[in-house]
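Please look through the sequence and the structure shown here, and then read the notes that follow, which are grouped by topic.

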Amino acid sequence: MVKFCSFPALLLASGAAMTMSPHVAMAKRIGTIAPYRIVSAARIPEAPAHLRAKWQAYLENSAKHAVHDKQALAAETVAGVPIPPSPADGNGLATMPLDRDAAWYRTSSALEVADTIMSFQTPSGGWGKNMPRNVAPRLPGQHYVHDASPAAGKRSWDFVGTIDNGATTTELSFLARVVEAGDAATAARYGKAIARGIEYLLAAQMPNGGWPQVWPLAGGYHDALTYNDDAMVRVMGILLAAAEGQGGFASLPAHLREKSRQAVADGITCLLDTQIVHKGQRTGWAQQYDALTLVPDSARNYEPVALASSESSKILLFLMAIPKPSADVQAAVREGVGWLQRVAITDRIWDRAGGDPQLVVSKGARLLWARFYSIPDNTPVFGDRDRALYDDVRDISPERRRGYSWYNSTPASALASYDIWQKRIARGEGK
């Protein structure tokens, strides 16, 4: 568990206390969002002593795979032959539906998507993000990811392997559905890509049990342990299916299933270790954590060190889905849900009408939560592109007010599931 008293001074905030009101009477800039801390070999001594050798090996393996990805792409180029244009970008998830009936995954449309998915798998075994898969397969020499503005003789390696925005986990889920619906020939065709994808997720897991947003590591906040957009929870869901041999994962080799089982167990330990504790009480989780120290960290300029309501709710849903939760998991769920209940906002809606979102009074409205809550005050906080931190959403720039989900109702699903979970535990299913 992460205790607040162990945090460094990552926020340069004023000493004045903030209220729990969604809008304070005298809004003010309350601090500056400090930059994230870069992961490097020089920082390995900051990691727990028993993990330092593993961190050294992890960083070396990441660097090796980064080189291998680049060399594999370079080997596909032929002197005098133009490099194929960058692949398209767009809503990749919409092109990989996971909710169709089994028969659809045997159609030519589904198999064409599966072939394209397989063609864009990186040598390390992952996939890029935000790329449609209902397009032609990758051409030799074509980049693995969309590159909007390649420099002369250079290619961007941003997100060449990532779990951000559902990447890699969605590709694996789609391929698994195709294999499950198909015959032995289908399993033989796509099974190796699934196994390579599982190996990729296993290699990307950090020594502390978490996952970075991008692997091989690419630098910046992408190296942080990432709960943002439910990235790590999605990975653990895939590995749990792999460990149990569900559906299209049934043909995975026994050693990969066992490694997946251990990876999930280590991931659960990481979830428990990173739940933020204040004054002896568990609360929620931050969006990102420093990979080496597990101290909550910032990400993009407007994403502060803070408790994240949406990510916390998805973590709680994952923990509640564990068949026989340990006493530690049960405590994490109870106190995490208790935190969501305490910080819920009543009689307000996040009104986006008119182009300038506002938090307005609406009696009887469903519960609402701020995107970020300060540690340890539990008051909503809002960041801007210049790293300024405010206690009122009206003080950030119009562009950021419109371009980010500062309030949401996502945690309501965790509260609803909690009632069912409590009854299950009361029946003795947690022992």
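In helix α7, Ser309, Ser312, Ser313, Leu316, Leu319 and Met320 meet Val329, Ala332, Val333, Gly336, Val337, Trp339 and Leu340 of helix α8, where contact means heavy atoms within 4.5 Å and helices are DSSP runs (H or I, at least four residues) numbered from the N terminus. This is a predicted model, in which local features need pLDDT of at least 70, side-chain atom pairs count only at pLDDT 80 or more, and totals for chains, interfaces and linings use all residues. Residues are numbered from 1 along each chain as its sequence is written, and side-chain values use heavy atoms, with hydrogens and water left out.

- By class, the contact of α7 with α8 has nine nonpolar, four polar and no charged residues, with Ala, Val, Leu, Ile, Met, Phe, Trp, Tyr, Cys and Pro counted as nonpolar, Asp, Glu, Lys and Arg as charged, and the others, Gly among them, as polar.

**Around Pro357**
- Pro357 is found in the loop between β9 (348-351) and β10 (358-361), the strands being DSSP runs (E, at least two residues).
- Pro357 counts as buried because its relative accessibility is 5%, and buried means under 20% relative accessible area (1.4 Å probe, protein chains only).
- Leaving aside neighbours within four places in sequence, Pro357 is in contact with Trp350, Asp351, Arg352, Arg401 and Arg402.
- Pro357 and Pro304 are 53 residues apart in sequence and, from C-alpha to C-alpha, 20 Å apart in space.

**Around Ile198**
- Leaving aside neighbours within four places in sequence, Ile198 is in contact with Leu172, Ile238, Leu239, Ala242, Phe249, Leu252 and Ser260.

**Confidence**
- The chain averages a pLDDT (the predictor's confidence in each residue, from 0 to 100) of 92, and 93% of the residues score at least 70.

Conventions: Buried < 20%, exposed > 50% of the residue type's maximum accessible area, 1.4 Å probe, protein only.
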